[in-house]
Structure formats: C-alpha cells, structure tokens
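Subject: Handover of a structure and the findings on it

Dear colleague,

Please find the sequence and the structure below.

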Amino acid sequence: QVQLVESGGGLVQAGGSLRLSCAVSGIIFSINAMGWYRQAPGKQRELVAGITSTGRTDYAESVKGRFAISRDNAKNTVYLQMNSLKPEDTAVYYCNVNVKTNYGSAYVWGQGTQVTVSS
C-alpha cells in the first residue's frame, strides 16, 4: 500500500521558519501532482501549495513570497519551506499526493502535522 509520512511540524514564534516533509512509500509507477493543504479549527481545508510532476508550482495568495514547495523525485518526497510564519498560519498541515500504482490512480493523504505559530 502507498503511505505518506509527514514530519517537521511544531511550535514556533511569529517570524520563524519550519520545513515540512512528506515521504511517499510503496510500490508506485509514478507520482504526479503533490501538494500541501491546511485546516484550522472551524475552517475548511484549503490548498496551500501544489507542485506538478514537471515542477510547476501554485500557491495560495496568503502564503506567496513566504512559503516554497519543492520535491525530490529520487526520494519520493515533497517539502514545504515556511518562512516568516504568522499566527494565522496555525493549522494542521496535510500533504496530498496523486499516485499511480498497479491498481490505478489515487489521491493519498498524509496523517497531518500540527503547526502552531505564537505571537
């Protein structure tokens, strides 16, 4: 089975930085788009950043210039570098990966990692 393991969350002060990682394991043919979402209490889950198989990126307006998504295809890992963090960035962050396996295509979610930014 395909599994996503997230790491890198934690508690930081406003203005600080965190780097999230999401590693994909399992037997896969390919990994297509990869992305990061976040969900704050009482709010809808929203797309933070996405990256295609060719490296094209897309960001939520609220994080442009502060966050950067990247991927290491050799390691089947996607990263989210978060700089200049603000209290409003506080949320559970989930990675999502579109994979193709012997059984077909699927979207797989990571377990989520808490990011808390204090003021």
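I begin with strand pairing: β9 and strand β10 (residues 104-109) pair in the antiparallel sense over 6 bridges. Strands here are DSSP runs of E with at least two residues, helices are runs of H or I with at least four residues, and both are numbered from the N terminus; two strands pair if DSSP finds at least two bridges between them. Please note that this is a predicted model, in which local features need pLDDT of at least 70 and side-chain atom pairs count only at pLDDT 80 or more, while totals for chains, interfaces and linings use all residues. Residues are numbered from 1 along each chain as its sequence is written, and side-chain values use heavy atoms, with hydrogens and water left out.

Strand β9 and its partners

Between β9 and β10 there are 2 residues, and the two strands form a hairpin. In this pairing Thr101 stands opposite Gly104 in β10. β9 is also joined to β4 by 8 bridges, and these two run antiparallel; here Ser30 stands opposite Lys100 in β9. A further 3 bridges join β9 to β11, again in the antiparallel sense, with Ala91 opposite Val115 in β11. Of the 11 residues of β9, 9 are buried, so the strand is largely enclosed by the rest of the structure. Buried means under 20% relative accessible area, exposed means over 50%, and partly exposed lies in between (1.4 Å probe, protein chains only).

In soluble globular proteins, nonpolar side chains tend to be buried together. The largest nonpolar core in this model has 31 residues, of which Val24, Trp36, Leu80, Met82 and Tyr93 touch the most other members. The elements that give two or more residues to this core are β3 (18-25), β4 (30-39), β5 (46-51), β7 (67-72), β8 (77-82), β9 (91-101) and β11 (113-118). Of these, β9 gives the most, with 5 residues. Such a core is a set of buried Ala, Val, Leu, Ile, Met, Phe, Trp, Tyr and Cys residues joined through side-chain atoms within 4.5 Å.

Salt bridges

A salt bridge is counted when a side-chain nitrogen of Lys or Arg is within 4 Å of a carboxyl oxygen of Asp or Glu. The count by this rule is 4 salt bridges. In one of them, the side chains of Arg38 and Asp89 meet at 3.0 Å, N to O. This pair links distant parts of the chain, with Arg38 in strand β4 and Asp89 in the loop between β8 and β9, 51 residues apart. Arg38 is buried, with a relative accessible area of 6%, and Asp89 is buried as well, at 1%.

Asp89 also forms a salt bridge with Arg66, where the closest N and O atoms are 2.8 Å apart. Asp89 lies in the loop between β8 and β9 and Arg66 in the loop between β6 (57-59) and β7, so this pair ties together parts that are 23 residues apart in sequence. Both Asp89 and Arg66 are buried. Salt bridges that share partners join Arg38, Glu46, Arg66 and Asp89 into one network.

Glu61 and Lys64 form another salt bridge, at 3.3 Å from N to O. Here Glu61 is exposed, with a relative accessible area of 63%, and Lys64 is partly exposed at 47%.

Aromatic rings

Rings of Phe, Tyr and Trp (its six-membered ring) pair if their centres lie within 6.5 Å; planes under 30 degrees apart count as stacked, over 60 as edge-to-face and the rest as tilted. By this rule there are 2 aromatic pairs. The ring centres of Tyr37 and Trp109 are 5.1 Å apart and their planes stand at 65°, so the pair is edge-to-face. Tyr37 is in strand β4 and Trp109 in strand β10, 72 residues apart. Tyr37 is partly exposed, at 24% relative accessible area, and Trp109 is partly exposed at 39%.

Tyr94 and Trp109 also form an edge-to-face pair, with 6.3 Å from centre to centre and 90° between the planes. Tyr94 counts as buried, at 16% relative accessibility. Together, Tyr37, Tyr94 and Trp109 form one aromatic cluster.

Yours sincerely
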